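Subject: Structure for you to look at

Dear colleague,

Here is the structure I promised to hand over, followed by an account of what was found in it. Please keep the view open while you read.

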Amino acid sequence: MSTTPFAEPAAQRLLSLAHRHGPLTRADLSRRLDLARSATGSAITELAQLGLIQCGPPADGPRRLGRPSPQVSVVPRPRVLAAQVRSRSLSIAAVGLGRAVTDRTEMPLAPDERTPEAVADRLAELARPLLRRHQGLTGLAIALPAVLDAPNGQIHAAFHLGWTDVPFKRLLAERLPGLDLYPCNDGHLAALAESRHGAAQQARVAVVLGGDDVGIGGGLVQHGVTFDGSAGHALEAGHLQLNTAEPSRCPCGATSCFETQADARALLRHAGIPFTDTTDPRAAVAEVLADPRHTAAVLATADRIGAGLAVLVTLLNPDLVILTGQLAAMHGAPGARERILAGMETSHVARIHPVPVTTAALPDPVLIGAAELALAPLLAAPRTAATATG
C-alpha cells in the first residue's frame with residue numbers, strides 16, 4: 001500500500017488538498033500551497049476541465065476588502081468502489097473524492113457463505129450493479145481481516161474466516177475482469193483513513209487499533225505515513241501474547257493472544273453469553289454495553305484492552321491511540337475509559353509520557369481507507385487517470 005506524500009505538480013497538490021480539507025477558498029489554497037495566485041488559478045482551471053473540482057460562491061462570513069474568494073471543492077461523483085470483508089458480513093460502496101460515499105450496502109454472511117469463493121461471488125454480485133450505475137469507476141479496494149501479500153492479493157491467513165493461502169485477488173479478477181483490484185489489511189486501512197481525514201491528522205505517531213467484528217487489528221501512522229513493515233504485516237496487534245489467568249486458544253494457534261482477551265468474543269465470554277457461528281458480534285456487543293448487569297464484564301474487558309495498549313505504548317511510543325469498531329464502543333461504556341488508561345500505566349513509557357486515548361473521528365474508517373487506496377492513482381496523477389476514464 002503506497003502512502004508516499006503527493007509531490008510536485010501544482011494541480012496534483014491542489015487536488016490532494018481539496019480532497020482532504022476542502023472546500024477551501026482560492027486564497028486559502030494559494031496560501032497553503034505557497035503558490036502565486038496565477039499558478040493556483042491555472043491548476044484550478046486544469047482540474048475543473050478534468051471534472052475533478054468545482055468553484056462555488058464565496059463562503060458566508062465577515063466582509064473583507066477586495067473581491068470575495070470563491071470556494072473550491074472536489075466534484076463528489078463516485079470514482080471507485082470500496083469494500084470491507086468481515087467474518088460475518090460484507091460492505092461495499094461507491095466513493096468519490098472528499099469521502100463522498102454513495103450506495104453503501106451491507107449484507108450478512110451465513111456460515112456456508114464464508115468460503116473464499118463464496119465471498120468473491122457475493123462481492124462481485126454487489127459490485128456489478130454499482131459499476132453499471134456509476135460509469136467510469138476505476139477500481140475496487142477490499143479491506144480484509146487477514147495477513148496478506150497486498151500487491152499480489154495472496155492471503156496467507158484470515159483466521160476468523162478460516163482461510164489459508166488463498167489467491168483472493170485472482171478469485172475476484174475472474175469474477176470482475178478488467179477492474180483494478182486493491183486488497184489490503186483492514187487495520188492498515190483504518191489507520192490510513194484516520195491519518196488523512198480523521199483523528200490522527202495532527203499526530204506525530206499514532207496507533208490505530210480496532211476490530212469491526214471479531215479479532216483485533218491495527219495500524220501505525222508516523223508523520224502522516226502508514227507503516228506496513230517489511231512484508232506488509234506490521235502491527236498484528238491482536239496476536240500480542242499477554243499474561244492472563246484464563247488463557248484461551250486463538251485461531252492463530254497460540255494461547256493468550258490479546259484479541260482472545262479483549263475483543264467482542266472476550267466481552268461476551270466475560271458476560272456469560274455464548275458466541276456461535278451465527279452470533280452478530282456488533283449487535284451482541286451493543287446489547288451487553290446497554291445492560292447495566294454486565295458492568296463487571298465490560299470493566300474486565302477494559303482492563304485487558306489497557307494491558308494490551310501498555311505493551312504497544314512501550315514498544316512504539318505513540319503520542320495518540322485511536323480506537324475503532326468494537327474497541328471504540330467498549331471505550332465509551334461508563335467507567336471503561338478510566339480502566340483502559342489505568343491499565344496503560346503499567347507501561348513506564350506511558351507514565352513518563354501519558355498517551356491520550358480517543359475514538360475514531362470517521363464513522364466508517366476501514367471503508368474510507370479502502371477508498372483512499374483505490375483513489376491513489378487519481379490523486380497521484382490526476383491528468384492521466386481522469387483522461388483514461390473519461
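In what follows, a residue is called buried when its relative accessible area is under 20%, exposed when it is over 50%, and partly exposed in between, with a 1.4 Å probe and protein chains only. The model is a predicted one, in which local features need pLDDT of at least 70 and side-chain atom pairs count only at pLDDT 80 or more, while totals for chains, interfaces and linings use all residues. Residues are numbered from 1 along each chain as its sequence is written, and side-chain values use heavy atoms, with hydrogens and water left out. Helices (H or I, at least four residues) and strands (E, at least two) are DSSP runs, numbered from the N terminus.

I begin with helix α9, residues 281-290, whose buried residues are Pro281, Ala284, Val285 and Val288. These residues lie on the same side of α9 because they cover an arc of only 100° around its axis, the arc being that of the directions from the helix axis to the C-beta atoms. On the face of α9 turned away from that buried side are the exposed residues Glu287 and Ala290. The buried residues of α9 pack against α8 (264-270), α10 and α11 (325-331), where contact means heavy atoms within 4.5 Å.

Helix α10 (residues 295-316) also packs with helix α12 (residues 336-344), at an angle of about 35° and with their axes 7 Å apart. Axes here are lines fitted to C-alpha atoms, for helices over the stretch in contact, and angles run from 0 to 180 degrees between N-to-C directions. Among the residues that meet are Leu299, Ala302 and Ile305 in α10, and Ala336, Arg339 and Ile340 in α12. The residues of this contact divide into 11 nonpolar, 2 polar and 2 charged, where Ala, Val, Leu, Ile, Met, Phe, Trp, Tyr, Cys and Pro count as nonpolar, Asp, Glu, Lys and Arg as charged, and the others, Gly among them, as polar.

Turning to the strands, two of them pair if DSSP finds at least two bridges between them. An open sheet of 3 strands has the order β1-β3-β2, with antiparallel pairing. Its edges are formed by β1 (24-25) and β2 (53-56), each with a single partner strand, so one side of each is left without a neighbour in the sheet. Helix α1 (residues 10-21) packs on this sheet, touching β1, β2 and β3, and its direction makes about 85° with that of β3.

An open sheet of 5 strands, with mixed pairing, has the order β14-β13-β12-β15-β16. Neighbouring strands in this sheet are turned by 30° against each other on average, direction ignored. Strand β15 (residues 320-324) and β16 pair in the parallel sense over 3 bridges, and leucine 323 has threonine 359 in β16 as its bridge partner. Helix α6 (residues 186-197) lies across β12 (205-211), β13 (217-222), β14 and β15, running at about 40° to β13.

Finally, the hairpins. Strands β5 (residues 89-96) and β6 (residues 100-108) run antiparallel and are joined by 7 bridges; in their hairpin, which has 3 residues between the strands, glycine 98 takes a positive phi near 75°. In the hairpin of β8 and β9, with 4 residues between the strands, glycine 153 takes a positive phi near 70°.
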